Amino acid sequence: MLNVIRDNKRRSYTMKKGTLKQILLITDGCSNKGEDPSAVATLAAQQGITVNVIGVLEDNQSEDSMGLQEVEDIAMSGEGVSQIVYKKALSQTVQTVTKQAMTQTLQGVVNQELKQILGPNQTLEELPPEQRGEVMEVVEDLGETSDLEVLVLVDTSASMHNKLPTVQESLIDLSVSMNARIGRNRFAIYAFPGKKKAIDKVLDWSPKLDSISSIFPRLTSGGITPTGPAIKEAMYQFGKSSLKRSFMREDAPDIEEAGY
């Protein structure tokens, strides 16, 4: 929640730190079973869970390949970030998309609060440059200090088989990068299609992803691509995570940023 305190000389912004929740879908597109993944992504966004999508190409594959439009559609519906990337550049892209989504989510929250505080037509982009800079400092600070939960949803259908080792490396790099932040991180990894369900748990909620080095090589690839059902099942895992932490939750302190 963003609050404004006014006096004759300055305006101060305070915003309560919260938890940013993201689904990071890594796929090559072409879902072929179950609900429309874009519709499910819309539902996730309504629950406060951003859906980001990385479409992975083989190094000799065209960027206009079938299924990659789906990548953009899912991310747009999930109010997230999408990126089409060749396999060799996946590691940096995973980090970039995660960080971009954090900033985009926080800017959206700030815009909504500004409209309530300063009027329905007021957005971050319409503030005077000096004031906009001060508010962006709040956004940047929150990006470093807010708690982050990322559920990584990995497509292990047959067409992704050769990409899985690169996916593993990129997720370890993501863990190292995100743990340089001040805020607490929690990651979980699920793969789809599952053996008996839409998704299978690869790694339960954890602050680091180091242990996936021993898990990923055992993943089997093949079968259909039920992206919609997979996103829906992934949504439920955030609720389970909250229940597990309910007895040890700490009160989050307010973050204050002095204004102008």
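Modeller: The protein has seven helices and nine strands, where helices (H or I, at least four residues) and strands (E, at least two) are DSSP runs numbered from the N terminus. This is a predicted model, in which local features need pLDDT of at least 70 and side-chain atom pairs count only at pLDDT 80 or more, while totals for chains, interfaces and linings use all residues. Residues are numbered from 1 along each chain as its sequence is written, and side-chain values use heavy atoms, leaving out hydrogens and water.

H5 covers residues 164–178, which makes 15 residues, and from its first C-alpha to its last it reaches 21 Å, close to the 21 Å expected at 1.5 Å a residue (the expected span is 1.5 Å times one less than the number of residues). Its buried residues are Leu-164, Thr-166, Val-167, Gln-168, Ser-170, Leu-171, Leu-174, Ser-175, Ser-177 and Met-178, where buried means under 20% relative accessible area, exposed over 50%, and partly exposed in between, with a 1.4 Å probe and protein chains only.

The loop between strand S6 (147–155) and H5 holds Ser-157, and His-161 has its place in the loop between S6 and H5 as well. Ser-157 is buried, with a relative accessible area of 1%, whereas His-161, at 47%, is partly exposed. The side chain of Ser-157 makes a polar contact of 2.7 Å with that of Asp-155; such a contact is a pair of N or O atoms within 3.5 Å, and within protein one must be able to donate a hydrogen and the other to accept it, while residues adjacent in sequence count only if both atoms are side-chain atoms. His-161 and Thr-220 stand 59 residues apart in sequence, yet their C-alpha atoms are 8.2 Å apart in space.

In soluble globular proteins, nonpolar side chains tend to be buried together.

Seen across the protein, 52% of the 260 residues count as buried, and of the contacts with a separation of 6 or more, 77% are between residues 24 or more positions apart.

The mean pLDDT (the predictor's confidence in each residue, from 0 to 100) is 77, and 76% of the residues reach 70 or more. Confidence is highest in helix H1 (residues 37–46), at a mean of 94, and lowest in strand S9 (residues 254–257), at 35. Over residues 1–11 the pLDDT stays under 50, although the model has 33 contacts for them beyond four places in sequence, and over residues 243–260, where it is also below 50, the model has 37 contacts beyond near neighbours in sequence. Where pLDDT is low, the predicted coordinates should not be read in detail.

Conventions
Contact means heavy atoms within 4.5 Å.
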